[in-house]
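Reader: I'd like to go through some labels with you and hear what backs each one. Can you show me what we're looking at?

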Amino acid sequence: MKQMRYQGYNQRAVAVVDAFSTGHLLGPAFRARGVPVVHVRNRNTALESQIRTFHGPDFQAELDFTDDIADTAARLASLGVVHVVAGIESGSDVADLLATHLATPTANASGFADARRDKRVMHQFLDRAGIAVPWQRHLDARGDTVWQSTGAEPETVVVKPAASAGTDSVVVCRSHSEQDDAVNGILRSTNVYGRQNAGVVVQEYLPGTEYMVNTVSVDGAHAAVEVWRSDKKLLDASPVYDRQVLEDPTEPGIAAVIAYVFSALTALGVRWGSGHSEVIVTPRGPLLLETATRLPGGADPSLGLKALGTSHVDEVVESYLAPDAVADRGPVRPLRRFAMGVSLVSPCSGRMARDLDLRPLLALASFHGARIPLKAGSRVSRTVDLFTKPGGLYLCHEDGDQLTRDYETVREWESVEFARVTEGA
């Protein structure tokens, strides 16, 4: 049996920063492997809808972080913590800084925390490293330009907060007046984690196909666990997720996307654990929208197990506890079954008049699971971004055509159900 290079570390504790949303899966995953887990709450952020997903019994201790890295690191050291992992985006830079201060064996390269969190710093850094990025202009908290790519500004741009997640405040603009309105709106508001937006990115609108690449890294070597194609549609100039389709990593076009993401991760000093990257393949090749050292939102580990024989959550946990096992699987995970995630879209706001009739969904040949937290009386918002979608479901089947047919059935069901069970705002 191969000797583990880091054998013994899994007898020590792991800290998870902001174990909310998909990050709440990390606590039980580490505990299931006999590892004590400590939770660190970043008190500089607030997002009640995600905080409600926290499950305290998964953790042997809970700490609050309020900007004192040295104090928090000392408390983690006293609890035997040797790995620090981000749960969601609001925990990524804190996890980076804590791991560096603790000098953990699984810390990402130091000095890159801002570049791995702030889209402005990230793209400037990649541009200097010779990695292709979209044209863009970066604005500070006053709306003044602090950096701009070379070349002419394109006619259509995307305006978004410098540091956030999902499709929060992302607006497609086709005129300078639309652009000014979007910038001012962002600078006057907070992001999804409750922080005042301190900057804006104005980026060229990229025609092409978008992909989400979920990776795991071990000692600087990267592996693509999942590659999802993201299909979006525009609603009131805002991009809204339609569906995500699991791609075959051995296809030449997908392999090129993976190679590009690996180069970006290496340039940004990502050495360990989770990565979630969003890329658009344009006529001039793959271009990075952003990458983050965390799990993606809305992940379903059971879907990965069925379609790939593994899951992103499990591989991230194993990268800290059994890194050689992850490395031995190679740089990609072959597709075993076809899979798709479907984001539901509500055309209006109001309250549910009755429970949704889920029986047609449950009867789909490819139905795998659903997250539709609605019942009679629930408030429904008109879908304008990732955070206002009323739910979603997962499809998985040996036949890719079956997924397409079932997807069309879902859209037909949605148009009938939401028209019947919502009433005007």
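Author: Here are the labels, taken one by one; bear in mind that this is a predicted model.

Reader: How many disulfides turn up in the whole structure?

Author: The search finds 0. To count, a pair of cysteine sulfur atoms would have to be within 2.5 Å.

Reader: On to the sheet with the order β3-β2-β1-β4. What makes β3 and β4 its edge strands?

Author: β3 (61-65) and β4 (81-86) each pair on one side only. The sheet is open, with 4 strands in parallel pairing.

Reader: How do you know that β1 pairs with β4?

Author: Pairing needs at least two bridges. Strand β1 (residues 13-17) is joined to β4 by 5, and the two run parallel. Val 17 stands opposite Ala 86 in β4, for instance.

Reader: What sits on that sheet?

Author: Helix α3 (residues 69-78) packs there, touching β1, β2 (37-42), β3 and β4. Its direction makes about 170° with that of β3.

Reader: Which residues of α3 are buried, and why say they line one face?

Author: They are Ile 69, Thr 72, Ala 73 and Leu 76. Seen down the axis of α3, the buried residues fall within an arc of 100°, so they line one face of the helix.

Definitions and conventions:
Residues numbered from 1 in each chain as written. Predicted model: local features only at pLDDT ≥ 70, side-chain atom pairs only at ≥ 80, totals over all residues. Heavy atoms only, no water. Contact = heavy atoms within 4.5 Å. Axes fitted to C-alpha atoms, helices over the stretch in contact; angles between N-to-C directions. Buried < 20%, exposed > 50% of the residue type's maximum accessible area, 1.4 Å probe, protein only. Arc of directions from axis to C-beta.
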